[in-house]
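Let's explore a protein model together, one question at a time. Keep the picture open as you read.

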Amino acid sequence: MCIRDSYYQAQKFIQEDMKEIRKQIEDAKSPSEAKKVSKENVGKIKDAAYWKEWREERRMDVMRRAIKEKFNQHPDLKQKLIDTGDKELIENENFNPFWYILTLHLGMERKKGRLICLGNS
């Protein structure tokens, strides 16, 4: 299971009245199951201001933290990334329009073995 994916999905449901949904996501057996639980329940978020903040601000920070922790917890993966040097990295995952467009238009790049986001730091 990709912990990053379940962490990201669970962060949508940090409100106290959403803790059961968050637990279902955290207990999911696969990233696709975590995303499915999230999709099925996202309509239950009634706080429009919270959802707007998530869409416009929080999700980038959540993903940044998740990726940083992934490499901090797995020094072998961190070293593999560093060892790629200037090679182009291509993500082999289901197409996600938000992250793909973000990569193209907001300047997410991979340089010298590091993932760098040139958007909001």
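The questions below look at some helices in this predicted model.

Q: Is Asn41 buried or exposed?
A: Asn41 lies in helix α3, which covers residues 31-41. Its relative accessible area is 7%. Residues under 20% count as buried, so Asn41 is buried.

Q: Where do the buried residues of α3 sit around the helix?
A: In α3, the buried residues are Ala34, Val37, Ser38 and Asn41. Looking down the axis of α3, you find these buried residues within an arc of 100 degrees. An α-helix has 3.6 residues a turn, so residues three or four places apart point the same way. The buried residues of α3 therefore line one face of the helix.

Q: How do α2 and α3 run relative to each other, roughly parallel or roughly antiparallel?
A: Helix α2 spans residues 19-26, and its axis comes within 8 Å of the axis of α3. The two axes cross at roughly 160 degrees. Angles over 145 degrees count as roughly antiparallel, so α2 and α3 are roughly antiparallel.

Q: Which residues of α3 make the contact with α2?
A: On the α2 side, the contact is made by Ile21, Gln24 and Ile25. The α3 residues in the contact are Ala34, Val37, Ser38 and Asn41.

Q: Which side chain makes a polar contact with the side chain of Gln79?
A: Gln79 is found in helix α5, residues 75-83, and is partly exposed. The polar contact of its side chain has a distance of 2.7 Å, and the partner is the side chain of Asp83.

Notes:
Residues are numbered from 1 along each chain as its sequence is written. This is a predicted model: local features need pLDDT of at least 70, side-chain atom pairs count only at pLDDT 80 or more; totals for chains, interfaces and linings use all residues. Side-chain values use heavy atoms; hydrogens and water are left out. Helices (H or I, at least four residues) and strands (E, at least two) are DSSP runs, numbered from the N terminus. Buried means under 20% relative accessible area, exposed over 50%, partly exposed in between (1.4 Å probe, protein chains only). The arc is that of the directions from the helix axis to the C-beta atoms. A polar contact is a pair of N or O atoms within 3.5 Å; within protein, one must be able to donate a hydrogen and the other to accept it, and residues adjacent in sequence count only if both atoms are side-chain atoms. Axes are lines fitted to C-alpha atoms, for helices over the stretch in contact, and angles run from 0 to 180 degrees between N-to-C directions. Angles under 35 degrees count as roughly parallel, over 145 as roughly antiparallel, 65 to 115 as roughly perpendicular and the rest as oblique. Contact means heavy atoms within 4.5 Å.
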